[in-house]
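I opened my notebook beside the viewer today and jotted down what I looked up, one entry at a time. Come along if you like.

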Amino acid sequence: MIIAPPAHILTSFSFSRAYVFSLDSLGTNHPKALSRIATYLKHEATTKRQIPSPSPPITRKLQVPVQPNYSDCGLYLLHLTQVFLSNPGELIRRAGLAGGKIKGEELRRLWEDGRVGGMREEMRERILRESEVWMEMKKEKEAAAAAAAAAEKERGGEEQKEKEDGDGD
């Protein structure tokens with residue numbers, strides 16, 4: 001689900017109400033989820049923003065490509081959200097508010113569906129790169145902490161020696 005505040009990402013539209021978009025790559029509808037989110041947002045507007053009678057958000061299911069299996073849900077969620085946020089106006093116009101059905105190849109092209117296949121490997125490689133950076137930072141932090149502890153211990157030893165030297169006078 002994507003909750004779209006009118007002024008922030010939908011600059012090509014002049015909406016006065018929020019929209020809640022469902023992007024389900026398994027092709028199912030979620031009327032209860034959309035209804036509950038709409039109710040929640042209306043409640044938030046009333047209680048947190050002190051809007052006395054807010055209009056409920058408009059809920060829409062956007063047409064998205066159907067994934068070929070039951071194991072790529074997370075990849076499709078990330079991909080569809082990324083594509084949506086890169087061009088929300090066009091996607092809302094063509095895949096949501098126009099009302100017409102977009103067929104096969106055109107729908108896959110609109111949502112850049114061909115990019116999903118390589119996402120798992122790209123994410124794996126990125127996680128491994130980020131992990132290496134994190135491990136290096138962790139080593140540097142541990143080395144700095146060890147050096148600080150050694151310096152503190154050395155200062156403590158010097159202070160003790162000065163105390164002993166001063167006591168012997």
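Does Gln50 count as buried or exposed, and at what relative accessibility? I looked it up, bearing in mind that this is a predicted model. Gln50 counts as exposed, because its relative accessibility is 57%. I found Gln50 in the loop between helix 2 and strand 3. Its phi is near 55°, a positive value in a residue other than glycine.

**Another positive phi.** I then turned to Glu112, with phi near 50°, again positive in a residue that is not glycine. Glu112 sits in the loop between helix 5 and helix 6 (119-167). I noted Glu112 as partly exposed, because its relative accessibility is 32%.

**Strand 2.** I checked which way the side chains go. Tyr19 and Phe21 point one way from strand 2, Val20 and Ser22 point the other way, and all are buried. Strand 2 runs parallel to strand 3 (residues 58-61), and four bridges join them. Opposite Val20 I found Thr59 of strand 3.

I wrote Ser25 down as buried, because its relative accessibility is 7%. Its side chain makes a polar contact with the side chain of Gln67, at 2.5 Å. Setting aside neighbours within four places in sequence, I listed Val64, Pro65, Val66, Gln67, Tyr76 and Leu80 as the contacts of Ser25.

**Helix 3.** I counted 14 residues here, and the span from first C-alpha to last is 20 Å, close to the 20 Å expected at 1.5 Å a residue. Its buried residues are Leu75, Tyr76, His79, Leu80, Val83 and Phe84. They lie on the same side of helix 3, because they cover an arc of only 150° around the axis.

**The core.** Which residues of the largest nonpolar core touch the most other members? Of its 16 residues, my list reads Phe21, Leu23, Leu62, Phe84, Leu91, Leu110 and Trp111. Strand 2, helix 3 (73-86), helix 4 (88-97) and helix 5 (104-110) are the elements that give two or more residues to this core.

Note on methods: Residues are numbered from 1 along each chain as its sequence is written. This is a predicted model: local features need pLDDT of at least 70, side-chain atom pairs count only at pLDDT 80 or more; totals for chains, interfaces and linings use all residues. Side-chain values use heavy atoms; hydrogens and water are left out. Buried means under 20% relative accessible area, exposed over 50%, partly exposed in between (1.4 Å probe, protein chains only). A polar contact is a pair of N or O atoms within 3.5 Å; within protein, one must be able to donate a hydrogen and the other to accept it, and residues adjacent in sequence count only if both atoms are side-chain atoms. Contact means heavy atoms within 4.5 Å. A nonpolar core is a set of buried Ala, Val, Leu, Ile, Met, Phe, Trp, Tyr and Cys residues joined through side-chain atoms within 4.5 Å. The expected span of a helix is 1.5 Å times one less than its number of residues. The arc is that of the directions from the helix axis to the C-beta atoms. Two strands pair if DSSP finds at least two bridges between them.
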